[in-house]
Amino acid sequence: MSEAAVPAAPPAHATVEALLRDQLARALGGRRGIFEAAVPTIAFTLTWVASHRLVLAVVMGLGSAVAMLVLRLARRQTVQFVLNSLLGIGIGAVFALRSGQAADAFLPGIITNAVYAVGLVGSVLARWPLMGLLVGGVTGDLTGWRANPDVLRLTGRLTLLLAIPCVARVAVQYPLFLAGQVGWLGVAKVGLGWPLQVAALAGMVYLLAAGHTPLAEATGSDGGQPAG
């Protein structure tokens, strides 16, 4: 049989909503991924508040991330989310140690959330919502989904929901950073981390549960069926 005659594999998802639910679950890493993102910040903040020793706080934050990484490796589990956490606390540690100010450990996160917020909201205003590009990337058609008004509207709303936590984090944490409130920065980062992400995810799940947009329509494919 020639290569051209091999039938294409059936799509893993029948609807846009099912595809996005699956991709969101993968991106967030579940409960454990959320937990691993919070632990280094908690370790750093509690150590700083208790001792006011910057180097010790950095060691505790980095050490907790490394410990979780070793545990993942020992269990032969994916290390993606631990590495993200380690990278975040590592960059924050560099900022803090260079300036000698513990509050600077939170500056990279504030900047990152500001960039995400601008990018997410900007993509919606430009009518190229990033969640729509996710649909296109998975289906292999980066632009076809834009021809469907329902998909464009849905992905725009989902993108804005993703932007809300980023905007809230910057709005709360930046004034605390300017005031040098390290303890409250730690509380705000953890409190506006997984709880706010879960709230945004709940809103996304509600939107995704309410619709059943055929994936073929979103990509401009008729799936081999008659058009009429």
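A residue is called buried here if its relative accessible area is under 20%, exposed if that area is over 50%, and partly exposed in between. By that criterion, buried residues account for 38% of the 228 residues in the chain of this predicted model. The chain exposes about 12700 Å², and 66% of this area is supplied by carbon and sulfur atoms.

The secondary structure consists of 10 helices and 0 strands, so that a reading along the sequence gives the pattern α-α-α-α-α-α-α-α-α-α. Among the contacts in the chain with a separation of 6 or more, 70% are made by residues 24 or more positions apart.

In soluble globular proteins, nonpolar side chains tend to be buried together. Here, the largest nonpolar core has 18 residues, and those with the most contacts inside it are Phe 44, Trp 48, Leu 54, Ala 102, Phe 106, Phe 177 and Val 182. Two or more residues each come from helix 2 (30–51), helix 3, helix 4 (80–99), helix 5 and helix 8 (182–191). Helix 3 gives the most to this core, with 4 residues. The surroundings of Leu 54 can be described in some detail: leaving aside its neighbours within four places in sequence, Leu 54 is in contact with Phe 44 and Trp 48, with Ala 96 and Leu 97, and with Gly 100, Gln 101 and Ala 102.

Helix 3 (residues 54–74) also holds Ser 64, which is buried because its relative accessible area is 13%. The side chain of Ser 64 reaches the backbone oxygen of Gly 61 at 2.8 Å. Not counting residues up to four places away in sequence, Ser 64 touches Val 39, Pro 40 and Ala 43.

A pair of aromatic rings is described by the distance of the centres and the angle of the planes. The structure holds 3 such pairs. In one of them, the rings of Trp 128 and Trp 145 have their centres 6.0 Å apart, and the pair is edge-to-face because the planes meet at 85 degrees, with over 60 degrees as the cut-off for this class. This pair links distant parts of the chain, 17 residues apart: Trp 128 lies in the loop between helix 5 (107–125) and helix 6 (130–139), and Trp 145 in the loop between helix 6 and helix 7 (149–178).

Tyr 174 is partly exposed, with a relative accessible area of 38%, while Phe 177 counts as buried at 16% and is among the residues with the most contacts inside the largest nonpolar core.

Helix 7 also contains Val 167, which counts as partly exposed because its relative accessibility is 43%. The C-alpha atoms of Val 167 and Ile 110 are separated by 9.7 Å, and these residues lie 57 residues apart along the chain.

Key. Residues are numbered from 1 along each chain as its sequence is written. This is a predicted model: local features need pLDDT of at least 70, side-chain atom pairs count only at pLDDT 80 or more; totals for chains, interfaces and linings use all residues. Side-chain values use heavy atoms; hydrogens and water are left out. Rings of Phe, Tyr and Trp (its six-membered ring) pair if their centres lie within 6.5 Å; planes under 30 degrees apart count as stacked, over 60 as edge-to-face and the rest as tilted. Buried means under 20% relative accessible area, exposed over 50%, partly exposed in between (1.4 Å probe, protein chains only). A polar contact is a pair of N or O atoms within 3.5 Å; within protein, one must be able to donate a hydrogen and the other to accept it, and residues adjacent in sequence count only if both atoms are side-chain atoms. Contact means heavy atoms within 4.5 Å. A nonpolar core is a set of buried Ala, Val, Leu, Ile, Met, Phe, Trp, Tyr and Cys residues joined through side-chain atoms within 4.5 Å. Accessible areas come from the Shrake-Rupley method with a 1.4 Å probe; for residues, only the protein chains shown count as cover.
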